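Me: I've got a model open and I'd like to learn how to read its backbone and its helix packing. Can you walk me through it, one feature at a time?

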Amino acid sequence: MSRMGFDVNRIPFEFSAFPARWAPSIAAIFLAAISLGSGYVALDRNSPMTAAIIAVAGTALVVRSAAWLGTKGVSSMRIGRVASTNLVAKRRSYRHRDPRMWIVAHMDSKSQTIPMLVRVISIAAFLLLFGSMIALFIPILILRSGFGMPLSETTMHNLLSTVHVLSIMSAIALVPVMLCFIGNASKGALDNATGVATVILAAEMIGDREDVAILITSAEELLMAGARAFAKSVSPSIAINCDTIDDDGRFLFMASGKVSAPLSAAVDRAAKKCSVERHSRVSSNRIRGQITPMIPGIVADNVVFTSEGWQSFTISRGNLGTLSRVHTSSDRAERIEGTGIVHAARLIAAIVEELS
């Protein structure tokens, strides 16, 4: 980056690694207990109203606590404090001011005892099963209150039994998350050496534009601690995050919140410019130029930028095989040719051009 004319600085920061290492397992245990408790109270105690309160209030408490741990807890908790460094590269003419756009990738890697694909399926299954259980409380409570058609005791018992079964299945669905612990057995080739390589190649393609800077964050795998530290230090702008670029699979543009119409349109135009058909179902090299919500169970640095008022999204490319390799010892460089990196770099350069 220095040879390309960037002024590169290492920006140190501190954070707590405790939330990233232990909060997901702890939250999963509490959610499973809430689910099981709701099912038990509904059926064995014959009290669906109390069960519904336990399910809704308990889940809200866990979600709120997890949100605090995942945001303020990372920065303020004194347990498990560690230090790391972000790399910030600006054009020398922008040394003392904030650029209009940032191209972002994270440099750290991790392994986990449960593959990402299994975790995604686990979380999606829990949301479906637990949501179904909550939804079933509504007609049960309405019928219990005397509205609508009266039900026999057998029918009501069957409904409560269904709630109980859903509560057990919800708890079982969370077992992979409970048993998912962070290690250091992954080489991090896909996640996220490919993203860093893409960002550097994109910077070469963009050329001498002064209003575009590069950010290489650290501790993304520990609840995006590097992005949190950085986002608070500069004025909100546009952040194009690049995370996991495989050779095969479909390109994804993922955002955690509402993306402005100009940014969304720029992504769509850039996709078409890169010989892409928006609605193609034929070739994996073709990209659907549409920003979609984050996949359940997956987070990236764009989530932090959006929460701090930035316009941000993540570019990724892969398939189910990619998810099965990420965060495992199978994530090695020899399994990557780099063709996806070239496509992604061209796409980022085209998006930057469309935003100019």
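This is a predicted model: local features need pLDDT of at least 70, side-chain atom pairs count only at pLDDT 80 or more; totals for chains, interfaces and linings use all residues.

Me: Where is Leu223 found, and what is its phi?

Reply: Most residues other than glycine have a negative phi. Leu223 is not a glycine, yet its phi is positive, about 60 degrees. You'll find Leu223 in the loop between strand 6 (212-217) and helix 7 (225-231).

Me: What about Thr244: is it buried or exposed?

Reply: Thr244 counts as buried, with 9% relative accessibility. Thr244 also has a positive phi, about 70 degrees, although it is not a glycine. Its place is in strand 7 (residues 238-245).

Me: Now peptide bonds. Which residues does the cis bond join?

Reply: As a general idea, most peptide bonds are trans. Here a cis peptide bond joins Asp191 and Asn192, with omega at about 15 degrees. Asn192 sits in helix 6 (residues 189-206).

Me: On to helices. What span should helix 4 have, and what does it have in the model?

Reply: The idea is to count 1.5 Å a residue and compare that with the distance between the end C-alpha atoms. Helix 4 (residues 153-173) has 21 residues, so it should span 30 Å; its end C-alpha atoms are 30 Å apart, which agrees.

Me: Which residues of helix 4 are buried, and what do they pack against?

Reply: The buried ones are Met156, Leu160, Ser161, Val163, Leu166, Ser167, Ser170, Ala171 and Ala173. They pack against helix 1 (18-43), helix 2 (48-76), helix 3 (116-144) and helix 5 (175-178).

Me: How do I read the way helix 3 and helix 4 pack?

Reply: Look at the angle and the distance between axes. For helix 3 and helix 4 the angle is about 160 degrees, and the axes are 9 Å apart. Angles over 145 degrees count as roughly antiparallel, so helix 3 and helix 4 are roughly antiparallel to each other. The crossing of helix 3 past helix 4 is left-handed. On the helix 3 side, the contact includes Phe126, Phe130, Met133 and Phe137, and on the helix 4 side it includes Met156, Leu160, Val163 and Leu166. By class, the residues of this contact of helix 3 with helix 4 are 16 nonpolar, 5 polar and 1 charged.

Me: At what angle do helix 8 and helix 11 pack?

Reply: Helix 8 (residues 261-273) and helix 11 (residues 339-355) pack at about 130 degrees, with their axes 8 Å apart. That angle makes helix 8 oblique to helix 11. Their crossing is right-handed. Among the residues making the contact are Leu263, Val267, Arg269 and Lys273 of helix 8, along with Leu347, Ile351, Glu353 and Glu354 of helix 11.

Me: How many residues of each class are in the contact of helix 8 with helix 11?

Reply: The contact of helix 8 with helix 11 has 10 nonpolar and 4 charged residues, with no polar ones.

Key
Residues are numbered from 1 along each chain as its sequence is written. Side-chain values use heavy atoms; hydrogens and water are left out. Helices (H or I, at least four residues) and strands (E, at least two) are DSSP runs, numbered from the N terminus. The expected span of a helix is 1.5 Å times one less than its number of residues. Buried means under 20% relative accessible area, exposed over 50%, partly exposed in between (1.4 Å probe, protein chains only). Contact means heavy atoms within 4.5 Å. Axes are lines fitted to C-alpha atoms, for helices over the stretch in contact, and angles run from 0 to 180 degrees between N-to-C directions. Angles under 35 degrees count as roughly parallel, over 145 as roughly antiparallel, 65 to 115 as roughly perpendicular and the rest as oblique. A crossing is left-handed if the near helix is turned anticlockwise from the far one by less than a right angle, and right-handed if clockwise. Ala, Val, Leu, Ile, Met, Phe, Trp, Tyr, Cys and Pro count as nonpolar, Asp, Glu, Lys and Arg as charged, and the others, Gly among them, as polar.
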